Amino acid sequence: MSDAVLVGNPNTGKTSLFNTLTSSYEYVGNWSGVTVEKKVGRLKDKSGILTDLPGIYSLHPLSRDEGVASEFLLTGSPSLLVNIVDASQLERNLYLTLQLLEYGKPIIIGLNMMDVAESRGLAIDTSRLAARLRSKVVPLIARTGAGSKELLLAMSRAEVPDEAGFRVDYGEVVEKAIELISREVNGLFPSLSPRWLALQILENNPVVMESSPFLEAEVRSTVSKIRDQTEQQLRSLTGIDNSSLQEYIRSVRTTLIQQICRETVDFSQSKPHTLTEKLDKIAAHPVWGVPLFLLLMYLTFQLTFDWLGNPLSDILEGFISGPVSSLAIQVLGAVGASDFTRALIIDGVIGGVGGVLVFIPQIFIMFLIISFIEDSGYMARITIMMDKLMEMVGLNGKALIPFIIGFGCNVPAVMASRSLEQPKERLLTMLLTPLMSCSARLPVYALFAGVFFAKSQALVVLSLYVLGIVLALLLAKLFSRFIFSGEKSFFMVELPPYRWPQAVTLFRSTWEKGKGFLRKAGTFILGGSVLIWLMTYLGPGGIASDMDDSYLAAVGGLLAGILEPLGFGTWQSGAALITGFMAKEVVVSTMNIIYHVPDLAGLQGQIAGAFTPLQAYSFMAFVLLYTPCLATVGVLRKETASWKWTLFSIVYSLTLAYLVALIIYQGGIWLGL
């Protein structure tokens, strides 16, 4: 085996299995569409490469991530398919299995979630299922790793199916069409089964029909004519005028699947998933569900800032400003470092980067809670509850998944928009996702809320998160009405059973999210801190004896007049916002360097003297809404494939930030706040 591919329905445990079988780790979540592009890793036994494709329900793509899977099967030509099937939802999962069996390549069926099937009273005869599908079936529990060794062994022994392998009989009319089209396409894709290609053409698979060989007018015209004639013949036989060839093929497969399930699954002891049903009566209730979600978010912020985050942050801050700074001073003195070098390292590097690192506890606590929500199965319920509201503004409940992911980081959130089926909703979600308050903004909130709103930090930060969501919904309605129109919404999401996340999976997921923040601390924030310090050290006249004469003051001063109506018209605020374009955490780094303070308490004292509570809230709202960070802009350009929409995102967010901050500050003054 040189290369294998994992393929299956969403939420069947493919990515968990991928992490077990390979030496790499990928993002895992308990909701559909978590893998939005193919992931590649080397198998632990060094026997080959394994690719994890996005979850799909069939080879006929509904969304962009499903298109990735179909295109890979068309052009990638893997040597082995590993089809991961949810044993507790066998009938639904087998539709894709039949399509993969027709692909003509060696296939192993990984029957995952056997523990869930057993808890529901389902007894699956794996030997009979393997005989019925003419394929190797390996029982699995991917979350615990059970069955993974047997799967690896089966993968190493996989053989090409013979002519007597699995085959679906679609009836005389369709079989004749398959034979005719197979002759036409034979040789176009030498590594693929002509019969499989013929079936994809009869189902009008857009990925196949839009591939280069079918762009030739003669081939396209011939196969299209065969397909149309076959559809007319079927309508004559069935007497149904509006029936389609695709619907007929689906009905044949569905009938066969039902027969296979009757033969291989004992339903006599089946029982509903009572725990999930009981929890859904509360958590997914149409009335109580949303307040419960808001309460959960409030408790999240209480834990992040008041109960656990702040005490841990104080400990870390004491370590950085104490032992770390003292050790750096001693080492620099011992090596005879110049005053310039000392100032650069102490004030620029430790002051800038350390000023952000002290907020690591809050960020990791937030990531831990988001990971828990994802892997527990609650995330999917949130999308269901919010679907009606989202539909009112031109989106659907599934768009809420990228929004919630955006609370962690806007970059993967924009990429997660690929799971939305409709192009309009996908683009709209990508444009609005940067309004979600990512973890990079948390240091800014923690700094300002800790100074001005110490007794109500959780409520103040929650209000900013809610503000971002409310504005995103309002803009979705505005954009969908005047910019995007004419497309109907399509909403389909997997509802997994509730489960208690495994500690190992939970902490690995949290680490993977938090690792990105630490990586930025060592790249963007470090580089930005050095650059910012140099801009405070130097000025038009050379070395700036006063920071007001520095290059940074000159740059920040360009915005001071524009920001004056918002309540923070100083060069310090302008400079922090400009550098914050690199990464929002750099706003805090810049202020730490500008105010030249040895610790967090000193910075908080400077902030308290430079802002009022009203100005502070206006500033935080501006940071929430203004232009996406550099990394988000880059991924927006990649995902939209358009500079027009990328620039539109930058311009509208800047305009929105200015207007909202203006309303907050001027409205507050008018109210006497």
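**The nonpolar core and its surroundings**

Modeller: In this predicted model, the largest nonpolar core comprises 123 residues, and those with the most contacts inside it are L432, F448 and F619. Helix α22 gives the most to this core, contributing 13 residues. A second, separate core of 62 residues includes L96, I109, I181 and L245.

To take L432 in detail, residues up to four places away in sequence are not counted; L432 then touches F403, A472, L475, A476, F479 and Y652.

S437 lies in the loop between α20 (423-432) and α21 (442-452). Because its relative accessibility is 1%, S437 counts as buried. The side chain of S437 makes a polar contact with the side chain of Y445, at 2.7 Å. With neighbours within four places in sequence left aside, S437 is in contact with G406, F407, Y445, Y465 and L624.

Helix α14 (residues 309-334) may be considered next. Its 26 residues reach 36 Å from the first C-alpha to the last, close to the 38 Å expected at 1.5 Å a residue. A kink of about 30 degrees in α14 is centred on S325, and S325 is itself buried, as are G309, N310, S313, E317, I320, A328 and L332. The buried residues of α14 pack against α13 (289-307), α15 (339-357), α16 (360-376), α22 (457-482) and α28 (600-610). Just after α14, G336 adopts a positive phi of about 70 degrees.

Methods:
Residues numbered from 1 in each chain as written. Predicted model: local features only at pLDDT ≥ 70, side-chain atom pairs only at ≥ 80, totals over all residues. Heavy atoms only, no water. Helix = DSSP H or I, 4+ residues; strand = E, 2+ residues; numbered from the N terminus. Buried < 20%, exposed > 50% of the residue type's maximum accessible area, 1.4 Å probe, protein only. Polar contact = N/O pair within 3.5 Å; in protein donor to acceptor, adjacent residues only side chain to side chain. Contact = heavy atoms within 4.5 Å. Expected span 1.5 Å × (residues − 1). Bend = angle between axes of the 7 residues up to and from the residue. Core = buried A, V, L, I, M, F, W, Y, C linked by side-chain atoms within 4.5 Å.
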